[in-house]
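Me: Hi! I'm new to this one, could you walk me through it?
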Amino acid sequence: MFADSVAPTQGLDQSASLLLTDLPVFAPAAALAQSTIPDLATLTAPKAPATAAVQVASTDTDNQADDDDDSLVAAATAKLAGHVDGHARESLLAFAMKLRDIRYHRGGHAPSTGFDCSGFVRYVFIHSIGLDLPTNSASQFLAGLKVKRNEMKTGDLVFFRTRGKAVSHVGIYIDNGQFIHSPSAGKTVRVDSLNEAYWAQHFVGAKRPEGIAKI
């Protein structure tokens with residue numbers, strides 16, 4: 001099953017340590033405007049594996065969100081308020097691609113701990129364009145603006161039900177049916193296709209964070 005609750009992995013090798021020192025924290029405006037954005041073929045090209053897995057106490061509580069909780073929706077939406085420039089989507093994707101091969105870790109929210117699905121998405125948004133998303137996939141789904149599948153853009157969020165009826169998995173849409181995510185235990189941040197049988201079967205829909213809705 002692909003979900004946000006699996007056993008943690010152990011160990012942090014030298015490659016992951018180097019990755020931590022190399023990751024920039026982008027300012028939402030000036031730094032993004034000066035960034036050089038690689039094309040999709042470059043972004044999706046394989047790179048050398050890096051691992052990161054340090055045990056942490058936090059957990060992703062995706063199944064605890066109530067789809068009818070209006071107060072949660074209001075609070076999450078308020079967090080998304082902000083303004084980013086026209087390069088935000090490309091810069092967000094470029095940053096996400098730098099995190100490929102970081103290992104999945106339940107409750108993980110940084111390269112040093114590894115990532116679960118929502119931790120990966122949240123880390124990418126806050127560190128690339130300064131946009132603070134809710135903390136789990138179910139609340140990220142509630143806070144976003146609905147997007148038709150044929151209107152999805154780079155940086156939109158794609159959601160899945162991988163266990164039961166609740167939204168329990170999230171990734172970042174790239175283009176041409178591809179998305180990047182942190183899948184499950186024993187796997188790493190990677191690019192997959194919405195057309196693959198598993199993901200097609202469990203796909204719920206796409207949402208657009210309000211902070212990038214106008215770009």
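Predicted model: local features only at pLDDT ≥ 70, side-chain atom pairs only at ≥ 80, totals over all residues.

Me: How many helices and strands does the protein have?
Reply: Eight helices and eight strands, taken as DSSP runs (H or I, at least four residues, for helices; E, at least two, for strands) and numbered from the N terminus.

Me: What share of the residues is buried?
Reply: 49% of the 215 residues. Buried means under 20% relative accessible area, exposed over 50%, and partly exposed in between (1.4 Å probe, protein chains only).

Me: Changing topic, how many salt bridges are there?
Reply: Four. The term means a side-chain nitrogen of Lys or Arg within 4 Å of a carboxyl oxygen of Asp or Glu.

Me: Which residues are linked in a network?
Reply: Arg89, Asp156 and Arg208. Asp156 pairs with Arg89, with the closest N and O atoms 3.3 Å apart. Asp156 sits in the loop between strands E3 and E4 and Arg89 in helix H5, so this pair ties together parts 67 residues apart in sequence.

Me: And Arg208, how far is it from Asp156?
Reply: Their closest N and O atoms are 2.8 Å apart. Arg208 belongs to strand E8, 52 residues away in the chain.

Me: Is Asp156 buried or exposed?
Reply: Buried, at 0% relative accessibility. Arg89 is buried at 7%, and Arg208 is buried at 12%.

Note on methods:
Residues numbered from 1 in each chain as written. Heavy atoms only, no water.
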